[in-house]
Every structure is written in C-alpha cells, then in structure tokens.
Amino acid sequence: MPEFAVWAPKPEQVHLDVGDAQYPMTPYTDGWWRITVDAAPEARYGFVLDDDPTVLPDPRSPRQPDGVHARSQLWDPASATWTDGDWAGRPVHGAVIYELHVGTFTPAGTFAAAIEKLGYLVDLGVDFVELMPVNAFSGTHGWGYDGVLWYAVHEPYGGPDGLVSFVDACHARGLGVLIDAVFNHLGPSGNYLPRFGPYLSSASNPWGEGINIADADSDEVRRYILDCALRWMRDFHADGLRLDAVHALVDTTAIHILEELAGETDRLAAQLGRPLSLVAESDLNDPRLITPRDRGGYGVTAQWDDDIHHAIHTAVSGERQGYYADFGSLATLARTLRHGFFHAGTYSSFRRRRHGRPLDTSAIPATRLLAYTCTHDQVGNRALGDRPSQNLSAGQLAVKAALVLGSPYTAMLFMGEEWGASTPFQFFSSHPEPELARATAEGRKREFADHGWDAAEIPDPQDPATFRRSKLNWAEVETGEHARLHRLYRDLLALRRSEADLADPWLPHLVVDYDEDSRWVVVHRGRLAIACNLGAEPVTVPVAGELVLAWGEPELAAEHTTLPGHAFAVLRAVDN
C-alpha cells in the first residue's frame, strides 16, 4: 500500500482524499502528515485542509492529468521503461547545447513529435538538448516559467511517460538532456503552496513573490527545491538542469542553496556513475557560481553569459537600446571574448552602478561559460518576439555564428537559428482565468508602451494565434538562404569537433585583433584564425593562410585576406 505524505505546517487538520473516501492524516512534529492507504497504482488523490472542502493537488504531485487545479495522480518512476542502461553520460563543458520549447518545436508540440526530430539534431552536430520548462503550469500552452507544481510534467506535452520516452530516445542517439528548472518564483494560476506552509518569502522579483529559502521555517522549502531538482536527474534520467534566474534566489544563509544543490548533484552523479551538470542563468557576473567549492565557490558546472551575447549582437546588428547601451564597439567585443565578462567590477550605465567581478581566466576555463547568438529570452522578451533572422542579413547571422561556435566557450543554439527561421518566438500564455488573462495581456502592452511601442503592435499573449505563429516552419530548412545557412552551421559544428585548436578552453591563449573603423575582427585560436567583416563593404584583413571555411568568397593573398561585406573566413596558418 502506498504511503501518502505532505508537509503542511499551517493547517490544523489534513485529510487525504483518494478514491471515494477521505481519511484523516496523522500529524508529526516536523510539520509532515502521513497515512498509508490501499490505492490503485494510478489513483487520483488530493488533500483537504481544515474545514475548506476544496481538494488540493499534492505539492509534490507526480502527475496532473487534468491540470494544475485538479487532483493529483500517482505515478511510480519504477514503472517506467528505460533502454538507456549503457548511457555513460557526457560532460557539458565544451559541448554544443540546443535549446528548444517542446510546444513550438514541432507542429504537434509534444515529446513524441520532438523524438521524430532527434535524427536531425544528431546530423546537425549538437551534443545536448535543453528543454525549456516542462513542469506543470496552468493552461494548455505557455513558456513554462509559470509552473506551480514543479514535480509534475506538463500533460499536453505527454506527461511523465512522454518525458521518459523523450530522454530515452535522446540517449539512444548519443544526445544528453538538460531540463530548465524554475525555483525562483511560482506562477499566478494554481499556486496552492501557501495554503500548506510558508513556501513564499517576504522578498519578490519581477515575476512574482520570492521563495522562502532563508526565512523562518525555510528548511523544508529548501528540501522541496533540492528534491525536485534531483528528481529530474534521478527519475527522468536527465543529464542536468538549467537553473532559471538564480540571481532571484535570495539566500542569506551561510551555505547558499546553489552550493548545497551542487554538492547533492555531485553525490547523485557518483551514485549513478555518470556526469550531471548544473547550468545557471545569472545576471550577476559573479565567478563564485562556477568556482569549485573547495576554492570557496558554489561549484555550479557552468553559467549563461549574456555579456558575450550582447557584445556580439550589438557589434553585428548596431542595436544599442536598453541594456545594450554599453556594448557595440569592437573593443568591447574583443575585451568580452578575451575575459568572459565585460562588466567585471565596472560601471554599467543601464544599472547606474558598478557591476560584476573579474573572472580568473587562468584558473577557470572558458567552457564554464555559455556563449550564444540568441536565446528564448533574447528573442521572446523583445516586443514583437522577432528573431535576429528577421532583421539581419544571412551574412550577419553567419558572422555571429562563427564568433560563437569558433569561440572557446561552451556553445548554445536556440531552436531554428541554424537555418535563420523566419518565424518569431513570441510571449504566449493560456491562463484560463479571464481576469488573469486580461491582466497578462494588458501588462505586456503597458510594459512596451513605456518604451515607446504602439500598444496595438504588441501581440496578445493570450491569443492562440500568438502561440501558433511561434511554431517553427520546418519547410524552410531546405529552401534558399535558409538551406545555405543550415549547411554553414553543420560545417561550423563539424569544424568545432575536428579541430584541436578550437578545443583549447583557456582564455589567456586567446588573441583578438580588430579595426574599429574598418569593422573587422580576427579571433586567433592556435593555428586557426577566424576573420570576420562586420561591415557592409569589403575589407582587407592582415591575416593569411589556407582557407578552411568561409561565408562569402574571400580573396586570399600571401599576407592578407580580403573579405566581402558581412562575411567571414576561417584560415589555417601555413608553414613557410
């Protein structure tokens, strides 16, 4: 018989609702309530608190087949069918990660449909698939960052069995899987956790009330987070997690929750006999995240590096608005590529204060930072959800790809960028509550109206058409410039795997030359030179060698190379 347990220190009485009956649960001094009841393996159940007759879902619900407001359902991970017993895992450092949103990656928007595209990803040359959040959230579709039942898998994607099949299929093809986990806030629809206990803190962040990881009675809330994180890697065989916006985790305890999670992840990895990785999204430019624990850091595997994105994007596109204000020059690009962070104890005009801390590049390899030309954030959080491919030429996209994939950093692609997808990735949601739906739509319009946008231009996130517009158009992959760009990405990824010089992770070995006026930059990686023309007119670059790969038709000479506008060439030094 299964034991049902729930941490609920707030109510004075808790009843288990399962089958056609309710049973009083036994309280314990630690705030937990427990009872053992005969129930079918897939029984629906929930909890009734005090005199309120509402049956609430389990905070640790393993499955929500009828949505986040309904009863939970038992699901035993031991019943899952796995064929990945020979999977030895793979490390994230130096890999190529492919970020995707299950709902818009394919027309069907399910795990099963995504499995059909795994052969394409293997052929492209990526190493990991990173899933945007797949935890249970309200409605049928959304980005996933409004999750309220963190242990359950979003049912419209295929539920827990669908996720098992997806991860198993990835491992069969040699692909690792990272799952995006959100522990810094809860969504606005279906969040019943405060009814059970002090899950929320007095702090807040831009997305909602903060999580209680350092206030009174926070020990069990921390355990709730840690157990959830470990569940994705243990029960669903994920190879690691992407941790959303860790700068919003307000932890004043002596042992930060990220350090605690990193330690428990390492112990689980040793138990499973395969590497597990934690990749943090952080706005702090704080090297402590990726500094080993024995050297006073948190020991997180790697972190996103928005400075690299900003430096590359602004230099190529010319955009300067908002947090791009300090970026754009080739000097800034060169400095960021060489040092990992641009803001490293330096003044940030966007924040109007000093920001960041220098990275010890002699001790921390570049592969602990992720570089990318775009992410779901850098596309979807734009007013129109427009991709770089909707504003830049194919040549400019190629230059951005060469700078990222030719860098010493761990690389990440956002789904569709490899063929310059013309479809946007807009902010979409499907809150069933009319008032919340209206507030979400009006809030989005108001946010961008403050930045000068016409409210009528902002897509309504609640309109199903916004979701449908954001689905990839796979027919583009084999047409025109899309196909050409796709071939380039495949060639760049193959080069990244085959060239030993591109595997060097140490930034002190990196040399970057540039000419601000002529708009060219050359990144030297051992015997290889990645020469890029960011301008529209041809330029002559003082570097020469054997042509390895190019976009455009460079003219090679004994001591220099002429590049057409918005083009690049990878050159190998030739012995005299």
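Student: At what angle do H8 and H9 pack?
Tutor: This is a predicted model, in which local features need pLDDT of at least 70, side-chain atom pairs count only at pLDDT 80 or more, and totals for chains, interfaces and linings use all residues. Residues are numbered from 1 along each chain as its sequence is written, and side-chain values use heavy atoms, with hydrogens and water left out. Helices (H or I, at least four residues) and strands (E, at least two) are DSSP runs numbered from the N terminus, while axes are lines fitted to C-alpha atoms, for helices over the stretch in contact, and angles run from 0 to 180 degrees between N-to-C directions. With their axes 9 Å apart, H8 and H9 pack at an angle of about 150 degrees.

Student: Are H8 and H9 roughly parallel or roughly antiparallel to each other?
Tutor: Angles under 35 degrees count as roughly parallel, over 145 as roughly antiparallel, 65 to 115 as roughly perpendicular and the rest as oblique. The angle between H8 and H9 is about 150 degrees, and the two helices are therefore roughly antiparallel.

Student: In what kind of crossing does H8 pass H9, left-handed or right-handed?
Tutor: A crossing is left-handed if the near helix is turned anticlockwise from the far one by less than a right angle, and right-handed if clockwise. By that convention, the crossing in which H8 passes H9 is left-handed.

Student: What do the buried residues of H9 pack against?
Tutor: Buried means under 20% relative accessible area, exposed over 50%, and partly exposed in between (1.4 Å probe, protein chains only). In H9 (residues 330-339), the buried residues are Leu-330, Thr-332, Leu-333, Ala-334, Thr-336 and Leu-337. These residues pack against H8 (306-317), H11, strand E22 (511-515) and strand E23 (520-525).

Student: How many nonpolar, polar and charged residues does the contact of H11 with H14 have?
Tutor: The axes of H11 (residues 394-405) and H14 (residues 480-498) come within 10 Å and cross at roughly 15 degrees, and that makes H11 roughly parallel to H14. The contact includes Ala-394, Leu-397 and Ala-398 of H11, and Glu-481, Leu-485 and Arg-496 are among its residues from H14. Its composition by class is twelve nonpolar, no polar and two charged.

Student: How do the residues of the contact of H6 with H7 divide?
Tutor: H6 (residues 219-234) and H7 (residues 257-272) pack at about 35 degrees with their axes 10 Å apart, in a right-handed crossing. Among the residues making the contact are Arg-222, Leu-226 and Met-233 of H6, and Glu-260, Leu-261 and Leu-268 of H7. The contact of H6 with H7 divides into nine nonpolar, one polar and five charged.

Student: Phi of Asp-217 is near what value?
Tutor: Asp-217 lies in the loop between strand E14 (208-211) and H6, and it is exposed, with a relative accessible area of 57%. Most residues other than glycine have a negative phi. Asp-217, although not a glycine, has a positive phi, near 60 degrees.

Student: Which residues does Pro-160 touch, not counting those up to four places away in sequence?
Tutor: Pro-160 lies in helix H4 (residues 159-172) and is buried, with a relative accessible area of 0%. It is 75 residues from Asp-235 in sequence and 9.8 Å from it in space, C-alpha to C-alpha. Leaving out residues up to four places away in sequence, Pro-160 touches Pro-62, Arg-63, Trp-75, Val-153, Glu-155 and Phe-236.

Student: What radius of gyration does the chain have?
Tutor: The chain has 14 helices and 29 strands, and 59% of its 576 residues are buried. The radius of gyration is taken over C-alpha atoms, and the globule rule is 2.2 Å times the number of residues to the power 0.38. For 576 residues a compact globule would have a radius near 25 Å, and this agrees with the chain's value of 25 Å.

Notes. Contact = heavy atoms within 4.5 Å. Nonpolar A, V, L, I, M, F, W, Y, C, P; charged D, E, K, R; others polar.
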